[in-house]
Amino acid sequence: MTSLNGKKIAFIAGDGVEEPELTEPWAAVREAGGTPVLLSTRKGKITAMRGDWDHSGSYDVDEALETVEAADFDALVLPGGTLNADAMRLDKEALRLAKEFDAAQKPIAAICHAPWILVEADLVRGRTMTSYESVATDVRNAGAQWVNREVVVDGNLITSRNPGDLEAFNRELVRLTAD
């Protein structure tokens, strides 16, 4: 089994995050021995959703985005959820952190609608990636090649389409972060 012992993985999420896209990678990181850390625009709690319609669990935020930097972590996870990803792509601190991770060539794993954040941060040009189908045009318009696969790894970037791809997404997240 691949080990993440001693590794800290940042998760950026806010209200409206797609719950399994937060909780399943979180569990995979823990199972591999890593320490997941929930970052958001503010301390307190965030409320997850299931399928963008049904409110689900609430989760405690560990740190506000403005208080951390990429140097504090070994990888970045961007869970989806339409509401979450749409809000985070407009948050200057979320964009700053994504750019820092990319500049340091640390793994960035984005699923479903979360590639919107990477598009807004101008991190996809020349890359091959995937996303939720409705985000494909945005990804292409930002200069990436969009493909319809369960998981795509391009350098330090890991992308997947939807919660049905979480097994492959989690496997690549752990593998790339352990390397």
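Modeller: Gly33 follows helix H1 and has a positive phi, near 95°. The model is predicted, so local features need pLDDT of at least 70 and side-chain atom pairs count only at pLDDT 80 or more, while totals for chains, interfaces and linings use all residues. Residues are numbered from 1 along each chain as its sequence is written, and side-chain values use heavy atoms, with hydrogens and water left out.

H1 covers residues 19-31, which makes 13 residues; helices (H or I, at least four residues) and strands (E, at least two) are DSSP runs numbered from the N terminus. From first C-alpha to last, H1 reaches 18 Å, close to the expected 18 Å (1.5 Å times one less than the number of residues). Glu19, Pro20, Glu21, Leu22, Pro25, Trp26, Ala28 and Val29 of H1 are buried, that is, under 20% relative accessible area with a 1.4 Å probe and protein chains only (exposed is over 50%, partly exposed in between).

The structure has two aromatic pairs, meaning rings of Phe, Tyr and Trp (its six-membered ring) with centres within 6.5 Å; planes under 30 degrees apart are stacked, over 60 edge-to-face, the rest tilted. Phe11 and Trp26 have ring centres 5.1 Å apart and planes at 55°, so this pair is tilted. Because Phe11 belongs to strand E1 (residues 8-12) and Trp26 to helix H1, the pair ties together parts 15 residues apart in sequence. Phe11 is buried, at a relative accessible area of 0%; Trp26 is buried too, at 18%.
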